[in-house]
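Please look through the structure shown here with the following briefing beside it.

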2 protein chains.
Amino acid sequence: MPFPNLLLEVGSHELEAAETLIAIARFMIIFVAARFLAELLVRVQLPTILGELVAGVIIGASGLHLVLSPEVQSNLNNGLINLISDLTSVPPPEVSHLYVDSFTNLQSWATLGLYALLFLTGLESDLEQLIAVGSQAFSVAVVGVVLPFVGGTLGLMAFFHVGTIPAIFAGAAMTATSIGITAKVFGELNFLKTREGQTVIGAAVLDDILGIVILAVVVALSAGGSLEVFPIIRLLVAAAIFVGVSLFLSKTGAPIFDWVIDRLKAPGDVVVMAFIVMGGCCFAATAMGLEAALGAFAGGLILSTSKYIHRLQEAVEPIVALFATIFFVLIGTAMDLSVLNPFNPGNREGLIMAAFLVVVAIVGKVATGWCYLSKEKTNRLVVGLGMMPRGEVGLIFLGLGSSSGVLSPPLEAAILLMVIGTTFLAPILLRLALTDQDVLPAEGAT
Amino acid sequence: MPFPNLLLEVGSHELEAAETLIAIARFMIIFVAARFLAELLVRVQLPTILGELVAGVIIGASGLHLVLSPEVQSNLNNGLINLISDLTSVPPPEVSHLYVDSFTNLQSWATLGLYALLFLTGLESDLEQLIAVGSQAFSVAVVGVVLPFVGGTLGLMAFFHVGTIPAIFAGAAMTATSIGITAKVFGELNFLKTREGQTVIGAAVLDDILGIVILAVVVALSAGGSLEVFPIIRLLVAAAIFVGVSLFLSKTGAPIFDWVIDRLKAPGDVVVMAFIVMGGCCFAATAMGLEAALGAFAGGLILSTSKYIHRLQEAVEPIVALFATIFFVLIGTAMDLSVLNPFNPGNREGLIMAAFLVVVAIVGKVATGWCYLSKEKTNRLVVGLGMMPRGEVGLIFLGLGSSSGVLSPPLEAAILLMVIGTTFLAPILLRLALTDQDVLPAEGAT
């Protein structure tokens with residue numbers, strides 16, 4: 001209770017009502033805005049995640065100031081504060097204080113959404129298929145991680161004099177391909193079941209694993225603030241052990257999970273046990289000095305061979321639909337897009353930096369098409385373009401970097417533009433690059 | 001940040017890791033304990049909600065001190081604090097501070113669980129069936145609300161010198177029958193589809209509506225701290241308007257909802273729109289000075305005739321399984337059962353009060369069987385016993401009363417015993433009271 005003198009003047013019932021109204025209002029503003037823009041983007045065949053970001057930008061610090069985290073030094077929307085003040089007879093300054101004090105609850109929901117999303121991503125990873133397209137996917141994945149990471153990090157340091165830690169952070173944000181967006185576009189274009197399609201998905205899964213490992217290392221490093229060799233090696237070893245144990249458990253852990261579920265009789269067994277497994281993996285990752293997000297992904301990977309996979313997905317999907325939406329919208333709300341205004345001469349360098357990141361992000365992934373080891377005739381451009389959209393994992397980097405204060409506002413905005421640009425361009429360029437020869441015949445009404 | 005001097009000594013990465021570990025540890029302790037006890041109780045054919053309560057008592061203030069809200073003036077479990085301190089090198093006193101500071105996040109999840117549970121209860125209310133058994137169910141419901149409310153409130157004031165507001169609170173906590181528990185026991189005993197069975201369920205739904213309206217009024221009154229005539233009338237009118245509008249919208253609102261869902265294309269449409277409706281109803285209820293819980297129930301009632309009812313239930317159930325569990329476990333953690341120790345002479349009055357509440361709660365509901373207006377031969381004892389288990393709504397009263405500080409520890413423990421006692425005894429007594437004549441023939445393997 002940080003403002004005891006103010007609080008004493010107002011009844012506790014009024015304060016509680018104001019706090020409830022603030023929480024519900026924020027929740028509803030986020031969902032109405034996200035839904036509206038997601039529906040708009042679906043109709044022009046663009047990924048809904050872009051809609052959630054744009055919704056955040058509109059209601060956040062660069063827009064209507066309705067949803068603002070306390071870290072953003074900006075004024076709340078007066079209309080919202082006055083409405084709640086009028087409804088509860090709590091004075092506006094105290095409504096603002098309640099808003100700031102309770103924001104951590106919303107952030108804890110967003111964090112839960114992030115973990116649930118990564119858990120679901122792990123759950124939907126098909127390790128068998130990954131091994132089948134193994135070596136071909138591996139070369140595509142590694143090149144698609146190394147090129148943007150090295151190009152982005154060194155380029156930012158050499159041309160824009162960005163510090164080492166933020167440059168590594170930005171480079172790392174460019175590594176991971178979005179499985180969801182690529183799979184969806186390929187599916188719509190009847191390209192998913194082709195050999196190239198399967199390879200790209202396999203490479204995207206590998207990318208995700210590499211990207212989340214890099215995330216775990218980079219976030220830990222950036223928190224330390226310095227680049228020493230020993231912590232890097234320690235974290236890389238911890239990450240390798242963690243991924244190794246997870247892959248081992250994905251063979252042995254799921255049968256144990258199934259055995260336990262078979263014996264449970266109280267309702268809610270699948271979802272509760274899934275969250276216990278996810279919580280355990282998050283705890284282990286955090287205790288080893290890695291990001292809890294890596295644990296959530298590993299938890300999903302471990303259960304991906306469970307016989308209850310469909311019930312797991314059904315149970316986790318509504319939780320992702322609600323809480324991951326809050327995560328992506330909150331990223332949008334924190335963005336300061338005024339640094340991208342081209343009419344302000346001071347913004348030139350930031351804009352050039354954004355353009356540089358977009359180009360490196362595109363070139364670094366499109367080049368992977370020519371690293372695809374295959375003797376058969378292959379549309380290499382399609383493979384490269386398929387690896388292009390960054391989506392979720394890039395945004396997770398942005399969200400964590402933004403909240404840890406490592407990134408400058410121009411660099412934050414440049415990373416956001418890189419994620420939006422690649423995710424936005426990939427479906428359009430893929431439609432242009434795919435010829436009828438590439439795709440499988442349409443399956444008709446079946 | 002209430003302890004700036006302490007915080008500066010520890011790196012922010014360590015603090016963040018400690019906060020994450022605390023959140024995950026609390027989450028897992030709650031779920032492992034709740035699951036373990038729910039599984040135990042299911043095997044002896046008792047409701048799982050009792051297991052969640054007992055789990056809370058075991059891990060909370062009366063047990064291991066692992067999950068403790070800041071309101072409970074008690075010491076945290078040293079083992080847990082030291083474990084997290086060892087894993088993150090954050091000193092134990094700061095781990096305790098982080099634990100206290102972040103508890104509000106857990107409470108916000110519990111509140112969401114409560115709303116989701118009441119939303120689901122509203123969703124599963126069958127208004128058509130309620131109207132069919134209408135007048136018979138109505139007399140059972142009203143008597144079952146009035147008898148325990150008047151008997152409990154006046155008895156506590158006359159025999160135990162309890163203040164008016166806490167006495168009304170305790171009386172109100174005795175009003176609502178648990179639909180879930182009764183429906184489950186009747187189903188297991190092949191009694192659900194009989195005329196008496198349907199009447200009891202109808203009366204339980206009416207009870208719920210009456211109970212939640214009483215809750216909305218009583219919580220608002222108790223916050224004011226005094227009993228004046230005008231606020232009571234204002235709240236009753238507001239509640240009547242709110243319920244009236246909700247019943248009207250349950251005819252017209254669901255088709256509009258269906259029309260909107262038919263036109264949505266982005267994923268997660270049903271669950272997100274359901275939570276937007278629920279949020280809107282909670283906002284309206286709070287803005288009218290009523291409890292948000294009434295709004296959540298009304299939101300479910302409005303959508304109970306939607307053609308997407310099955311997808312709605314499927315989407316809300318995992319959220320209830322996770323977050324309502326936290327709500328019920330947290331109620332158990334806050335209970336101080338030492339006031340019930342019979343070897344302490346100072347506890348005598350509290351124990352006698354608990355016994356009194358259990359007797360009034362049983363007699364007040366069993367008597368309703370003889371208010372059942374029917375010319376046919378009826379097992380009136382079964383109707384009365386069917387109305388007996390209190391379950392969720394009684395606990396919601398207890399949770400809200402406990403957090404608002406209205407109830408004394410002995411009265412809190414007495415209400416908890418009343419809820420546990422009625423919920424525990426109802427299935428056992430029902431099995432004894434039901435004869436083969438009462439039940440429908442078993443349906444065999446179909």
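**Briefing on cavities, surface and salt bridges**

In the lining of the second largest cavity, the largest share, four residues, comes from H14(B). The model is a predicted one, and a search of the whole structure finds two cavities of 30 Å³ or more. The structure also holds 10 salt bridges over all chains, some of which are described below.

**Cavities**

- The second largest cavity has a volume of about 40 Å³, and its lining is made by B:Ile209, B:Phe242, B:Val243, B:Ser246, B:Leu294, B:Phe297, B:Ala298 and B:Leu301.
- At least two residues of this lining are supplied by each of two elements of chain B, helix H12 (229–263) and helix H14 (292–302).
- By residue class, the lining of the second largest cavity has seven nonpolar residues, one polar residue and no charged residue.
- The largest cavity has a volume of about 60 Å³, and the residues that line it are A:Ile209, A:Phe242, A:Val243, A:Ser246, A:Leu247, A:Leu294, A:Phe297, A:Ala298 and A:Leu301.
- In chain A, the elements that give two or more residues to the lining of the largest cavity are helix H12 (229–263) and helix H14 (292–303).
- The lining of the largest cavity divides into eight nonpolar residues, one polar residue and no charged residue.

**Surface patch and backbone**

- A nonpolar surface patch of about 630 Å² is formed by A:Val229, A:Ile233, A:Val237, A:Ile241, A:Val245, A:Phe248 and A:Leu249.
- A:His161 is not a glycine and yet has a positive phi, near 55°; A:His161 lies in the loop between helix H8 (134–160) and helix H9 (164–173) of chain A, and with a relative accessible area of 67% A:His161 is exposed.
- In chain B, B:His161 has a positive phi of about 55° although it is not a glycine; B:His161 is found in the loop between helix H8 (134–160) and helix H9 (164–173) of that chain, and its relative accessibility of 65% makes B:His161 count as exposed.

- Side chains of opposite charge can pair when their charged atoms come close.
- A:Asp207 forms a salt bridge with A:Lys365, with the closest N and O atoms 2.7 Å apart, and this pair links distant parts of the chain, since A:Asp207 is in helix H11 (residues 195–224) and A:Lys365 in helix H16 (residues 348–366) of chain A, 158 residues apart.
- A:Asp207 is buried, with a relative accessible area of 0%, and A:Lys365 is buried with a relative accessible area of 0%.
- B:Arg311 forms a salt bridge with B:Asp269, where the closest N and O atoms are 3.2 Å apart; the pair links distant parts of the chain, with B:Arg311 in helix H15 (residues 309–334) and B:Asp269 in helix H13 (residues 269–287) of chain B, 42 residues apart.
- B:Arg311 counts as partly exposed at 41% relative accessibility, whereas B:Asp269 counts as buried at 10%.
- Salt bridges that share partners join A:Arg35, A:Glu39 and A:Arg43 into one network.
- A:Glu39 counts as buried at 7% relative accessibility, whereas A:Arg43 is partly exposed, with a relative accessible area of 42%.

Key. Residues numbered from 1 in each chain as written. Chains lettered and ligands numbered in written order. Predicted model: local features only at pLDDT ≥ 70, side-chain atom pairs only at ≥ 80, totals over all residues. Heavy atoms only, no water. 1 Å grid on protein atoms, 1.4 Å probe; cavity = no way out; pocket = protein on both sides within 12 Å on 5 of 7 lines; lining within 4 Å. Points joined across faces, edges and corners; volume = space filled by probe spheres on them. Nonpolar A, V, L, I, M, F, W, Y, C, P; charged D, E, K, R; others polar. Patch = residues over 30% accessible without salt bridge, like charges linked within 9 Å, V, L, I, M, F, W, Y side chains within 5 Å. Areas by Shrake-Rupley, 256 points an atom, 1.4 Å probe, with all protein chains shown as cover. Salt bridge = Lys/Arg side-chain N within 4 Å of Asp/Glu carboxyl O. Buried < 20%, exposed > 50% of the residue type's maximum accessible area, 1.4 Å probe, protein only.
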